[in-house]
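Student: Could you walk me through a few parts of this model? I'd like to start with what counts as a contact.

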Amino acid sequence: MSAHSWAGDWVAGRLDVKVRTTAAAGDLKVRDLVGLAVRVNPRRVHLLVSTVLGKHVPVDPDLARGAGLLLGRLVADRLAGVDTGVGTAGGDLLARALRGDGDAAAEAADALVELVGAPADPPADVLVLGYAETATGLGHLVGDALSADVLHSTRRPVGTTPTGTFEEAHSHATGHLLLPEDPRLLTSDRPVVLVDDELSTGATVMDTIRGLQALAPRRRWVVAGLVDLRTDDARAQLHHFAVELGIEVDVVALATGVVELPDDVLARGAGLLADHSAPVADPLGPSGAPPIEVAAVVPHGFRDGGRHGFAARHRAALDGALPGLADQVRSALGPDPGRVLVLGTEELMHLPLRVAAELAGRGLDVRVSSTTRSPVLPVDEPGYAVRTALRFADHDLPADGPGPRFAYNIAAPAGGHGFDAAVLVVDDASRAWGDGPTALPRVLGAAVDGPLVVLTVPSHRPTPDPLRGPNFGSYAPDEVGWLLTDLSDVPLEATIESREAAIQSGRAHYSESLPVEYQPGPAYLELFEQGLASSAARLAVAVGVVTERLIAGRARPPVLVSLARAGTPIGVLVHRWAARRGLDLPHLAVSIVRGRGLDPRALDHLAAHHDPADVVFVDGWTGKGAITRELQAAVATAEAEQPRGFTADLAVVADPGGCTNLFGTREDFLIPSACLNSTVSGLVSRTVLRADLVPPGGYHGAKFYRELAAQDVSGRFLDTVSACFDAAADEVAQQVAVPVDRTPTWAGWGAVEEVAAAFGVNDLNLVKPGVGETTRVLLRRVPWRVLVRPGAEGELSHVLHLAADRGVTVEERPDMPFSCMGLIQPGRGDA
C-alpha cells in the first residue's frame, strides 16, 4: 500500500465495509496487508486481497519472502514461549516496505529478509501444513523459518491415496486433499502449524484439526496467518473447541483486526456485479512471438513443492538448484528484459517466488504472482485491489472438470505500465494447454510487451502404493506387497516358439511379452507333490539358516525386497520364519529385468518409506550369477546418481553358483516353487517392461491370473514348508553356530563358460544352470539339451519328466557344481 491511497477504498465505500486493527507486529496495520475486491461468489462477496502474498497482486519477491519468514519467526517465538523482539522489529520494517515507494520500499524489504532470513537452529520438531491454493507458498516460508517439515493441502489428486480430506466452506473450490507420500508425516504426535493467508471464521481450522486428531492425537496446535480477522464469536468458538478436545490451539498473525460488514452486504455485492461488466483481457488478441521454452535442470531429490511432503533434504536440493534455474531463465530473457513478471500456477507458488528472488538478486526489476481458480470482479479504478484480469483455460487436467483460470493485475491498467517480459513457471504435469486462443501462454504472451519464457519443472510423482491380495495375487495382504503395475487385462502372451524367435533375433526383449502359462498334466503335478513332500524339510532348514544370517548383526530388522516372481515365495517364507521369532519384517516384491536393471520407481518407493540401509533383496537361488550381477550394477548406478544408502545385499535359500554371502545352502537341490509358474507364485506372472504399458511414474508390470485360482497351490506350498519350521529349528541353530567361509566364489560362472565352450554356444544367456533355471528353460523357452550331474537323477524327476514331455536330449556331465543345466536352442532367431 503506498502512502497515497488504500487499495480497499473503492469496495469499502460501496459495500460499507470497515476494517480496523486491534493488534499487530510492530507498526503494521491490517490495511497495510490487505486491500479489497469483489468476489464472484454468492457465499462471500468481499475478497481480502493480500499485498504481500503474491497471489492476486504481483509483489517484490523480497517483500513476499520477508512477510512469510517473519510470520514463521513469530510462530517460533510462540512455540518456544519467548519474545525475541523480532516481531516488533520485523513488523516495523514490513510497514515501511509497504508504505514506501521505490528505493525506500526495496531497502526496507531487503532489511526485513536480512533480519528474519536465518533458519531456526535447531530445527523445530513440528509439521507445517499450508492451505491450498493461496497459502501453499506461505506455508513453505513458515517452514523455512522453522527448518521444519512442510506439507500443503491440494486439489490435485496426484499419485497417492489421500490420508485426509477437509472442506473450506467459503472458498470457490471447497475440497482439500492431504497426500503425503509418507503417511507418517500426519501420524506422529508432534505439534502442527496450520498456515493460511487469512483467518476469517476458524471453521476450516477446526475441520482440519478434527480430521488430523483422528489420525494421531496431539496436544499442541498453532494457527498462523498474515491477518486474523475473526469475530469475537469465532474466537470463542475456537476456544471452546480446543477445551472440548483437550488440546492447546495458539493463533499467531502479523496483524489482528475486525472486518465489519453490513447486513445487506451480499445484496450490495450482487448489485456491484450486475452494474460492472468484467473487462477480462481478450484472449483473441495478438500473442506475440512464441514462448521461449526452458526445461529446468534440477538435481536428484528436487521437489517442486510440498504437495507430498517437503523435508530438510528437499529444502537443500531446492537451494542447490536455484542458482542454475536462475541462470537458465536469465539467459532466455535476453540482455535487457526490463520489468519482469514471474508467474506461478495455482498451488505452485514457492518455487516461482524463489526463482524471482534469485533474479532480483542479479539486478533485475522483478515481481512475482500466481494464477488462481478464484473469479474476481476486476475494476480499473484507483482504490480497488484488482484492476485487471486475464482469463484462460485450465491446463492441469483437473479432477473436478474443466473450468476457467485467472491471473490478476498483470495486464496494464488504464494509463499504467505493465510488464516487459514474463516467466511462466509450471510443472510438467500441468502443460495440457494446447495451442488455442485461450491457452495460458497465448493469453499471457499477449499481456506483456516482450519475451515470454516458460520454465517447466519436473513434478514430483509419488510412487503408487503396493498391490496386495486378494485384489492382486493370492498371497495374504500382510505377507507381501507387490511394487508392480497391474496389467491383468492386457493381452501379453505369445507362444514359446514365437517369443524365442523374437528374443534371439533381437526384435524384442524377453521382458516385453509373456509365455503362455504352462498347464501341467496329472503326472507332472504328481511329481510336484512328491518333490514338495521330499524337499519341504530341507527347504525349511535353508529358509531358517538364511533368515538367521540376514537378521544377525543388524541394528534394526531388515526390510525384505524379493525379486519378483521367483524370489517372492521365498520372501514370504523368510517373512514367516522371522514372524516365528517375533519379528514382523516388511516384505515387498520388485521387478528386476536382465539387461534393464531394477525398477527405479520401486527403489524410489523403498527410499520414501524405509531406510535403504535396511533393505535386503531376496531371491530363490543363484545360477551363473547374471541376476546377482544385474542387481549389483543396478544398485551401483542408482547410488551413483542419487546416494541413498542402498546396498546389493542378496539373500537366497540356495547358492550353488557361489554368488552371495547370504544363503541357506550352497547345494543345488529341488526348490518346489521352481517346478511351476504362477500357480505356485501367488498367481502372478513374471514381470513385464514395456514403455507403452507402464504409466508415467509407474512400476514395471505383471498380470494376476485370477482364472487359474482352481489350480493355485501357492498357499499349500508355503504352508507345507512352514509346517516344518519347528522341526528344523535345532538344525538351523547348529548350522548358524558353525563358522563357514561365505565368501562368493562365482563358481557357477566358470562352469557355465566351460559348458558354453564345449557345446559351441556363444551367448552365455542360453546356458541356464541349476534345478530352478533348468526348469524355467523347459517351461518357458525352446530347450535344446539338459545336462545332468551323475547321481543327481533322484532329485530331478520333474526335470526328466519335462524333458521327455518336450523331446529334449538328456546327457550326463560330471564335475558340475549344479545338479543340472538347461541349454536353450541356439539360432532360433529366424524361427
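Tutor: Contact here means heavy atoms within 4.5 Å, and please keep in mind that this is a predicted model.

Student: Is Leu585 buried or exposed, and why?

Tutor: Leu585 counts as buried because its relative accessibility is 1%, and buried means under 20%.

Student: What separates the C-alpha atoms of Leu585 and Leu215?

Tutor: They are separated by 24 Å, with the two residues 370 apart along the chain.

Student: Leu215 brings me to α8; how many residues does that helix have, and what does it reach?

Tutor: Helix α8 covers residues 203–215, which makes 13 residues, and from its first C-alpha to its last it reaches 19 Å, close to the expected 18 Å.

Student: And which residues of α8 are buried?

Tutor: The buried residues of α8 are Thr204, Val205, Met206, Thr208, Ile209, Leu212 and Gln213.

Student: Switching topic, what is the strand order in the open sheet of 3 strands?

Tutor: The order is β3-β2-β14, with antiparallel pairing, and the edge strands, each pairing on one side only, are β3 (46–50) and β14 (376–377).

Student: Which helix packs on that sheet?

Tutor: Helix α10 (residues 265–275) does, touching β2 and β14, and its direction makes about 75° with that of β2.

Student: How many bridges join β2 to β14?

Tutor: There are 2 bridges between β2 (residues 34–39) and β14, and Val38 has Leu377 as its bridge partner in β14.

Conventions
Residues numbered from 1 in each chain as written. Predicted model: local features only at pLDDT ≥ 70, side-chain atom pairs only at ≥ 80, totals over all residues. Heavy atoms only, no water. Helix = DSSP H or I, 4+ residues; strand = E, 2+ residues; numbered from the N terminus. Expected span 1.5 Å × (residues − 1). Buried < 20%, exposed > 50% of the residue type's maximum accessible area, 1.4 Å probe, protein only. Pairing = 2+ DSSP bridges. Axes fitted to C-alpha atoms, helices over the stretch in contact; angles between N-to-C directions.
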